[in-house]
Amino acid sequence: MDFSHLVVIAVSSIFINNFVLGRFLGICPFIGVSKKIDSALGMGMAVIFVMTLASVVTYLIQTFVLVRFELQYLQTIAFILVIASLVQFIEMFMKKNMPALYQSLGVFLPLITTNCAVLGVAILNIDATWADGSHYNFIESTWNGFTAGIGFTIALLLMAGIRERLELADIPESMKGTPITFISASLIAMAFLGFSGMSIM
Amino acid sequence: MDKMLIVSANPHIRSKASVTKIMHMVNLSLLPALFMSYYYFGFRAIFLTLVSVVSAVVTEAAIQKFRKVPVTVSDGSAILTGILLAFNVPAYIPWWIVMLGSFFAIAIAKQAFGGLGFNIFNPALIGRAFMLASWPVEMTSNKFWANPVASFGAKTGQTMDAISSATPLNLVKTALKADPTQITCDILSKANDAGYAGATYWDLFVGNVSGCIGETSFLALLIGVIFLMILGLVNWRVPFFYIGGVFVFTWLLGYDPVFHILAGGLALGAFYMATDMVTSPISNKGNIIFAIGLAFFTVAIRIWGGYPEGVSYSILLMNCAVPLINKFTVPKKFGCVKPVKAN
């Protein structure tokens, strides 16, 4: 187990290849749930949870089912199906046994289930390779899912802070609402360009 | 701001400060740096600054006319954006790139958000990031950097109008890329070995090095910012903790801290961009957090990043976080006590 790999994964998925601002995945929750900081935090927690879980499950599915029976061409549909049903199952379990957590994650959990960012992290975990050609192992995949969720949460919180401030701004009529949100998002993404080409190895 | 009716209890303190006055003072304080850029890079520096300022002012006026709101170009904020943007480009960049960058800065980063006071990001830096993303060759290639023409006698034997060469930070980056394991305190001599003859701390301090037209002279920018601090227009905490932070971080990582403070755009960024009243935090505590974040990202991008210089991106990154910083550093109200938790 190489500890430096974990640091590289964390910096990469939080800053350099931030899922929203670098890879442009998961834009709909990013625009949709960034009006208030509180709801953005709730959404972020749900995304961290689902991404970590999805990374764990899809790694196991890929290794022990798809590769073993040479069914890789079913990857996309298998991943979607497994992630969605698993999250639904956990949601039911939480509703019954952990009502407090269920309340705090609320509507965000089913919302995020089939999001492209979640499927994205699952597939990127499988496709990613190190310089020596080896793939992510189980712990690296899980860690990548977790840190990708943290990167998503940071992007969402930054956006929510900006949008709360923009509530008071004298924005031109035609720019109000979604347009200025998209412009803000693009400007944040431009700021994150500063991380491009960063190498810490 | 005409729309707002401010109601508050008396007594009121009358202040003579106004946006117009502050902006013109800031513009005035940039004159030493403009003079130094003229001194080192020739008339080209003045020309690019003029292009940038005219483009910014025309864009602002046109958009405000179009929106049917009062045209406020006389408040000097568009002029300031224009000057700062021009200070951020190499001397031999084609002038139309500066014009477009200035247009983008005003139209997208400022007027789309409702004009002065509502912008989230520093417009000049958005303009720079836009130019860097759209014309990376023109913004970074050695061809467009100019060595200072005039000099205090340090460089002898230069008879041409301009000699293009890499900036000191570029040379350091190249050296680091060639051999990433080397961590030397004497990075400046490495840069010298790479063909950058004659650059001393003094050259870096007065600005006798290649670089963006307004960023090279630490001295001129320092004079300007001290003038602003005496007038009380700049919160000393941001430059102090920013530059102090860069010193500490580079020193901890084993690089030459003095070189990293004097080289590149740190002076321009710390004195003029990071202290922008609109895009920096409100409280003193928030400003300190902001400045330390700036120092961290600047050093991270300079040492590990793909770009030689990290000042502009670090300020943009921390600009994103300013609303959050403001939210979590609300000062305690006078006489307020923590509510006791009722069990």
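Author: A definition is needed at the outset: a salt bridge is a side-chain nitrogen of Lys or Arg within 4 Å of a carboxyl oxygen of Asp or Glu. With that rule, the side chains of Glu309(B) and Arg302(B) form a salt bridge, at 2.7 Å from N to O. Please also note that this is a predicted model.

Reader: Are Glu309(B) and Arg302(B) buried or exposed?
Author: Glu309(B) and Arg302(B) are both buried.

Reader: How many salt bridges are there over all chains?
Author: The rule gives 5 salt bridges over all chains. One of them pairs Asp170(A) with Arg67(B), whose side chains meet at 3.7 Å, N to O. Asp170(A) sits in the loop between helix 8 and helix 9 of chain A, while Arg67(B) belongs to helix 3 of chain B, so this pair joins two chains.

Reader: And how accessible is Asp170(A)? What about Arg67(B)?
Author: Asp170(A) counts as partly exposed because its relative accessibility is 26%. Arg67(B), with 23% relative accessibility, likewise counts as partly exposed.

Reader: Which residue does Lys110(B) meet in a salt bridge?
Author: The partner of Lys110(B) is Glu60(B), with 2.9 Å between N and O. The pair links distant parts of the chain, with Lys110(B) in helix 5 (residues 95–110) of chain B and Glu60(B) in helix 3 of chain B, 50 residues apart.

Reader: Why does Lys110(B) count as buried?
Author: Lys110(B) counts as buried because its relative accessible area is 2%, and the cut-off for buried is under 20%. Glu60(B) is buried as well, with a relative accessible area of 1%.

Reader: How many salt bridges cross the interface of chain A and chain B?
Author: The rule finds 2 salt bridges across that interface.

Reader: What do the buried residues of helix 1 of chain A pack against?
Author: They pack against helix 8 (138–166) and helix 9 (178–192) of chain A. The buried residues of helix 1 of chain A include His5(A), Leu6(A), Val8(A) and Ile16(A). Helix 1 of chain A covers residues 3–16 and reaches 19 Å from its first C-alpha to its last, close to the 20 Å expected.

Reader: A change of topic: where does Asn125(A) lie?
Author: Asn125(A) lies in helix 7 (residues 116–127) of chain A and is buried, with a relative accessible area of 3%. The side chain of Asn125(A) makes polar contacts with the side chain of Ser55(A) at 3.2 Å and with the side chain of Asn144(A) at 2.7 Å.

Reader: Finally, how is chain B divided?
Author: Chain B is divided into domain 1 (19–140) and domain 2 (165–326). In their contact, 35 residues of domain 1 of chain B meet 34 residues of domain 2 of chain B. These domains bury about 2800 Å² between them, 75% of it on carbon and sulfur atoms. Tyr40(B), Phe41(B) and Leu125(B) supply 18% of the area that domain 1 of chain B buries against domain 2 of chain B, more than any other three residues.

Reader: How many salt bridges does the rule find across the interface of these domains of chain B?
Author: The rule finds 0 salt bridges between domain 1 of chain B and domain 2 of chain B, whereas 6 residue pairs are in polar contact there, both residues being at pLDDT 80 or more.

Notes: Residues numbered from 1 in each chain as written. Chains lettered and ligands numbered in written order. Predicted model: local features only at pLDDT ≥ 70, side-chain atom pairs only at ≥ 80, totals over all residues. Heavy atoms only, no water. Helix = DSSP H or I, 4+ residues; strand = E, 2+ residues; numbered from the N terminus. Expected span 1.5 Å × (residues − 1). Buried < 20%, exposed > 50% of the residue type's maximum accessible area, 1.4 Å probe, protein only. Contact = heavy atoms within 4.5 Å. Domains from an automatic or database assignment. Buried area = accessible area lost by both parts, 1.4 Å probe. Polar contact = N/O pair within 3.5 Å; in protein donor to acceptor, adjacent residues only side chain to side chain.
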